[in-house]
Amino acid sequence: MEKHFHLKNILLSLIEDIKKQDFLVYFRKMSILEIGKDEIIFGTVSAFMKDNIEAKFMNQTLLAAQKEFGETIKKINFRVDINIDNPSNTDSVDCTTFYKSTLRQVKKDEKLSYTSVTMQQKKSVNDRYALSNFIVGADNQLAFSACEAVARNPGKSYNPLYIYWDVGLGKTHLLQATGNEIIKKVKDKKVVYSTADKFITEYVTAVKKRNVEKMRQKYREMDVLILDDVQFLSKKEQTQNELYNVFNLLYDANKQIIISGDRVPKELTELEPRLRSRFEWGITVDIGKPDYETRLAIIQEKSREREFLIPQDVAEFIAANVTENVRELEGVLNQMIAEYELTGNTPTLERIASKLQKLSYTKDLLGEGRTPRTHKTTIRSYEDIIDAVSKHFGIEKEGILGGNRKKEFMIPRQVSMYLLKTKMNYTYERIGNIFSGRNHASVLYSCNKLEKIIKKDKNLLYEVNAIKDGIGI
Ligand code: ADP
Ligand code: MG
């Protein structure tokens with residue numbers, strides 16, 4: 001049994017180290033025959049396998065054995081194990097099955113529900129969400145830092161902390177991660193996470209049962225209140241009123257409040273102005289769409305968490321094509337894992353490309369006449385985009401970045417802005433700064449303008465596509 005355990009660890013290292021195809025062909029079935037002081041003897045299926053492994057993978061196997069047993073292991077040997085196929089032999093490992101199992105998602109028990117408002121404080125946040133597994137990129141850096149600061153010093157740094165933006169960009173993750181971090185530091189802190197929806201239900205139930213006072217009491221005792229998706233409070237005047245009271249109580253007692261919404265407090269026009277304005281008392285941060293690098297890092301992190309070995313090119317392909325939100329990224333990954341579990345098909349570029357096409361992720365507005373990107377994007381910063389546009393149209397970069405209003409400059413400029421917006425998710429402000437300090441409205445206008453033009457002008461559309469293809473975006 002013990003041998004079996006060690007062998008699996010060694011095989012895991014080998015899987016990381018050698019090509020999948022080689023592993024599946026040459027390692028078929030393995031066993032450990034002996035664990036000596038400085039030597040390990042492995043069993044193979046046949047002399048043919050033994051010769052091949054010795055010829056090709058001696059070094060890797062030695063390294064893997066040393067990783068498992070330590071450097072005292074100086075040599076390894078292979079012998080044909082005549083018992084390897086014996087059903088009663090529990091020491092051998094079928095490498096093909098093992099390989100597949102390493103690809104498989106395991107942690108099914110992770111899908112805890114985290115919505116309970118009926119206070120077992122520590123249960124109301126889901127510990128799958130941590131600050132440590134939140135991938136930080138340019139567009140969520142601020143929100144992340146604010147959460148870190150709040151976790152370090154609840155009630156003292158930013159209160160309330162208000163995080164906003166569209167769905168699927170990690171608000172819930174950050175909120176819960178912050179709650180987790182606080183609980184981790186001080187075990188008896190009472191942290192409650194609730195969605196606005198649950199808060200409404202809780203309040204309505206309390207009213208029905210005539211125990212609103214009890215609910216109030218409960219919230220009064222909280223050290224940290226986390227309230228997700230406050231936009232759902234719209235038109236619920238009574239509940240808003242209750243939240244207003246809770247907010248004041250906690251705020252006055254220096255208790256931390258963390259809130260999320262889908263837009264800035266000012267735009268929550270269906271909320272009571274006095275509640276809205278309280279949301280603005282602390283710090284308001286947005287959490288933007290992740291750029292390519294962040295998306296790639298997220299896919300890799302999620303695959304790792306789920307113990308799913310994702311080939312690099314597949315990860316890059318998904319990151320290049322699924323751009324809108326992180327939930328969608330995860331959705332694609334889930335599909336891939338599910339498909340693997342059902343059919344045993346390992347993800348390949350071809351398979352994932354056709355999958356994404358079916359899900360129409362690759363059919364963006366300008367997708368006409370394009371095939372899904374199957375190659376790496378080469379862009380690293382905005383300059384690469386400007387360079388590509390400049391090369392394509394044969395005009396100097398200065399001409400693109402400057403203010404000349406002739407058409408030969410305007411179009412490349414608009415194309416550059418448009419690509420920065422749609423492909424790099426830059427904010428209009430950030431783009432404006434790159435283009436000699438233009439303001440938000442002017443960049444917005446240019447992007448919209450270009451979009452309109454290319455809807456009509458097929459030639460320009462193809463030019464834009466050519467630029468995109470050239471740099472793999
Ligand atoms: P929102 O609450 O904004 O709708 P979620 O927090 O539910 O978004 O995020 C959707 C999914 O994406 C979650 O599974 C979350 O873990 C994941 N996610 C979003 N952003 C990141 C990130 N930067 N790093 C890691 N995972 C992320
Ligand atoms: Mg959410």
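This is a predicted model: local features need pLDDT of at least 70, side-chain atom pairs count only at pLDDT 80 or more; totals for chains, interfaces and linings use all residues.
Which side chain meets that of Glu 213 in a salt bridge at 3.6 Å, N to O? The partner is Arg 216, and the distance of 3.6 Å runs from N to O.

**First stop: helix 9**

Display residues 212–220, which form helix 9. Glu 213 and Arg 216 both belong to this helix and stand 3 residues apart, about one turn. Glu 213 is partly exposed, with a relative accessibility of 46%. Arg 216 is also partly exposed, at 25%.

The side chain of Arg 220 meets that of Glu 213 in a salt bridge of 3.8 Å, N to O. Arg 220 has a relative accessibility of 35% and therefore counts as partly exposed. Now include Glu 242 as well: salt bridges with shared partners join Glu 213, Arg 216, Arg 220 and Glu 242 into one network.

**Second stop: strands 1 and 3**

Move to Glu 34 and Arg 79. These two residues form a salt bridge in which the closest N and O atoms are 3.9 Å apart. Colour residues 29–35 as strand 1, where Glu 34 lies, and residues 75–80 as strand 3, where Arg 79 lies; the pair therefore ties together parts that are 45 residues apart in sequence. Glu 34 is partly exposed, with a relative accessible area of 41%. Arg 79 is likewise partly exposed, at 41% relative accessibility.

**Last stop: the whole structure**

Finally, show the entire model. The structure holds 16 salt bridges, among them the pair of Glu 34 and Arg 79 and the pair of Glu 213 and Arg 216. In general, side chains of opposite charge can pair when their charged atoms come close.

Definitions and conventions
Residues are numbered from 1 along each chain as its sequence is written. Chains are lettered from A and ligands numbered from 1 in the order in which they are written. Side-chain values use heavy atoms; hydrogens and water are left out. A salt bridge is a side-chain nitrogen of Lys or Arg within 4 Å of a carboxyl oxygen of Asp or Glu. Helices (H or I, at least four residues) and strands (E, at least two) are DSSP runs, numbered from the N terminus. Buried means under 20% relative accessible area, exposed over 50%, partly exposed in between (1.4 Å probe, protein chains only).
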